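Hi everyone, thanks for coming. I'd like to walk you through a structure today, so let me put it up on the screen.

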Number of protein chains: 2
Amino acid sequence: MERNNRPLILITNDDGFRAKGIRELIKALKDLGELVVMAPDGPRSGMSSAITSLVPIKYKVEWEEPGVTVYSCTGTPVDCVKLAINEVLDREPDLLVSGINHGGNMAICVNYSGTMGAAAEGCIFGVPSLGVSLLDHRADADFTECCRLGRLTAEKILEKGLPHGTYLNLNVPTDIPVKGLRICRQADGRWVKEFKRSEDASGQTVFWLTGYFRNDDQHDDNDDKLLNEGYASLVPCKIDITDYAFMQELQTWNL
Amino acid sequence: MERNNRPLILITNDDGFRAKGIRELIKALKDLGELVVMAPDGPRSGMSSAITSLVPIKYKVEWEEPGVTVYSCTGTPVDCVKLAINEVLDREPDLLVSGINHGGNMAICVNYSGTMGAAAEGCIFGVPSLGVSLLDHRADADFTECCRLGRLTAEKILEKGLPHGTYLNLNVPTDIPVKGLRICRQADGRWVKEFKRSEDASGQTVFWLTGYFRNDDQHDDNDDKLLNEGYASLVPCKIDITDYAFMQELQTWNL
């Protein structure tokens with residue numbers, strides 16, 4: 001079948017298969033290959049690389065059109081990737097794209113993001129993988145520029161591949177026109193003032209996650225800074241988190 | 001108060017505050033400082049660095065004894081750390097220890113583990129952090145040797161500190177006596193044959209997560225290999241996952 005000679009592109013996200021971001025991504029990548037979408041059946045923001053082990057998961061077809069099959073899954077973004085590659089696809093994907101996320105995944109957000117968790121999972125399977133996020137949480141955000149840059153990056157990955165254990169994190173600001181795309185580092189920093197106290201129906205104190213990101217990075221080429229200046233950011237990320245530089249000093253602890 | 005001059009040690013896990021692993025850890029660390037435990041109210045294995053944003057979370061005191069306060073929290077392991085540091089503790093902890101996990105968190109397991117997600121979160125807050133896991137999933141596992149090594153490592157961290165953005169991942173095998181503790185790297189590899197098909201009550205196909213780890217690492221000093229040989233493994237881990245080595249080549253893509 002001619003269709004099987006086209007690149008196979010696996011698409012997922014953490015906002016669920018109904019989100020505008022993933023629908024726009026499908027449109028943007030459609031003519032690059034055969035698309036299989038396996039996305040959560042509802043919002044899974046902040047799920048990181050969580051997996052579902054205490055209950056079973058399942059999936060179903062949501063819609064099909066020539067060159068595109070969309071499945072929904074009851075699990076996490078990482079479950080979606082595992083299920084697609086282990087049980088659904090008849091060959092290894094040539095590319096995984098996760099997104100487009102409604103909201104930025106720069107700096108330490110990469111640690112909490114389900115979108116980036118899915119991209120990391122693709123990379124663990126040896127599939128060249130890319131996460132794409134737009135710095136706009138609104139359901140009706142304008143994804144035009146983000147789609148253009150996401151597609152451009154996806155085409156380059158299909159052409160050049162990625163090193164073993166490396167995946168890419170693309171973030172796009174809302175300011176139009178975007179000043180350009182910068183290869184850069186994950187900003188160092190953390191979220192502060194993270195909870196809003198409230199009360200439940202019985203009067204008990206409950207805590208809603210909120211807060212803001214405090215950028216502590218001293219380098220000019222950190223993603224959070226560049227995004228604030230109007231650039232899109234592209235950070236290459238590693239699966240291997242071993243701190244090789246510290247191993248030698250740790251040896252001297254004589255444990 | 002004299003009590004506040006002692007090191008403040010924050011303890012959490014992903015198996016929940018009732019698990020044997022965390023109770024044994026509390027006993028092992030009790031005389032090193034003032035312990036505050038903020039742990040999930042039930043099992044949260046495989047939660048990675050997931051955060052709870054769609055619903056609020058809450059916590060309550062489970063028990064107190066001199067020098068130890070145990071809270072349970074409705075959220076994820078990372079939520080526990082965020083809540084403790086933002087809302088509960090009156091000062092920054094001197095050390096965070098997450099565990100002792102029932103089951104190993106070597107190799108790529110560090111990516112999915114709630115235990116290690118909590119350790120990473122402590123590190124993001126600037127708290128010297130350690131995750132401890134025993135390669136035994138049983139509820140009544142023998143934690144004696146694991147407690148000894150966990151305490152030894154915790155003492156060294158209190159003495160020497162850890163670099164900004166670095167945390168430690170300690171895994172201990174079940175074979176007694178342990179041959180020694182090795183500073184090593186996170187093994188390269190992945191899980192394979194990850195699902196068992198089954199049926200739900202209505203006859204629909206469902207998928208249970210299972211599988212086994214395939215070690216693809218060519219280095220002798222990878223944690224999975226050393227654990228199989230009977231050593232305990234200690235891997236220094238980084239929060240910054242930027243692949244600096246690949247940045248230069250990525251520049252040549254001219255995106």
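Let's begin with B:A107, which is buried, with a relative accessible area of 1%. Buried here means under 20% relative accessible area, exposed means over 50%, and partly exposed is in between, using a 1.4 Å probe and protein chains only. B:A107 sits in the loop between β5 and α3 (109–112) of chain B. Its phi is positive, about 55°, although B:A107 is not a glycine. When I name helices and strands, they are DSSP runs numbered from the N terminus: H or I with at least four residues for helices, E with at least two for strands.

A word on the ground rules. This is a predicted model, where local features need pLDDT of at least 70 and side-chain atom pairs count only at pLDDT 80 or more, while totals for chains, interfaces and linings use all residues. Residues are numbered from 1 along each chain as its sequence is written, chains are lettered from A and ligands numbered from 1 in the order in which they are written, and side-chain values use heavy atoms, with hydrogens and water left out.

Now compare another residue with positive phi. B:K193 has a phi near 45° and is also not a glycine. Where is B:K193 found? In the loop between β9 (189–192) and β10 (195–199) of chain B.

While we are on the backbone, chain A has some cis peptide bonds to show you. One joins A:G99 and A:I100, with omega about -15°, and A:I100 belongs to strand β5 (residues 95–102) of chain A. Another joins A:I176 and A:P177, with omega about -5°. A:P177 is in the loop between β7 (166–172) and β8 (181–183) of chain A.

Next, the inside of chain B. Seven of the 10 residues of helix α1 (residues 20–29) are buried, so this helix is largely enclosed by the rest of the structure. Among those buried residues are B:I22, B:L25, B:I26 and B:L29, and B:E24 is on the list as well. What do the buried residues of α1(B) pack against? Their partners include β1 (8–12), β2 (34–40) and α5 (144–160) of chain B.

B:V132, in strand β6 (residues 129–134) of chain B, counts as buried at 0% relative accessibility. Leaving out residues up to four places away in sequence, B:V132 touches B:V97, B:S98, B:G99, B:I100, B:N101, B:T115, B:C146 and B:L170, where contact means heavy atoms within 4.5 Å. B:C146 is 14 residues from B:V132 in sequence, and their C-alpha atoms are 7.9 Å apart.

B:T76 is buried too, at 5% relative accessible area, in the loop between β4 and α2 of chain B. Beyond four places in sequence, its contacts include B:P40, B:R44 and B:M47.

So, how do the two chains meet? 78 residues of chain B are in contact with 78 residues of chain A. The area buried between them is about 7,200 Å², and carbon and sulfur atoms give 63% of that; buried area is the accessible area (1.4 Å probe) that two parts lose on being put together, summed over both. On the chain B side, B:I241, B:W253 and B:L255 lose the most area to chain A, together 11% of what that side buries.

For those of you who like charges, there are six salt bridges between chain B and chain A, each a side-chain nitrogen of Lys or Arg within 4 Å of a carboxyl oxygen of Asp or Glu. One of them pairs B:E87 with A:R197, with the closest N and O atoms 2.9 Å apart. Helix α2 (residues 77–88) of chain B gives the largest share of the side that touches chain A, six residues.

Beyond four places in sequence, A:F207 is in contact with residues including A:R197, B:Y59, B:L83 and B:E87.

Finally, symmetry. Chain B can be laid on chain A with an RMSD of 0.0 Å by a turn of 180° and a shift of 0.0 Å along the axis, superposing by least squares on the C-alpha atoms of residues with pLDDT of at least 70 in both. The two copies are thus related as by a two-fold rotation axis. And 100% of the interface residues of chain B are also interface residues in chain A, so the copies meet through the same surface.
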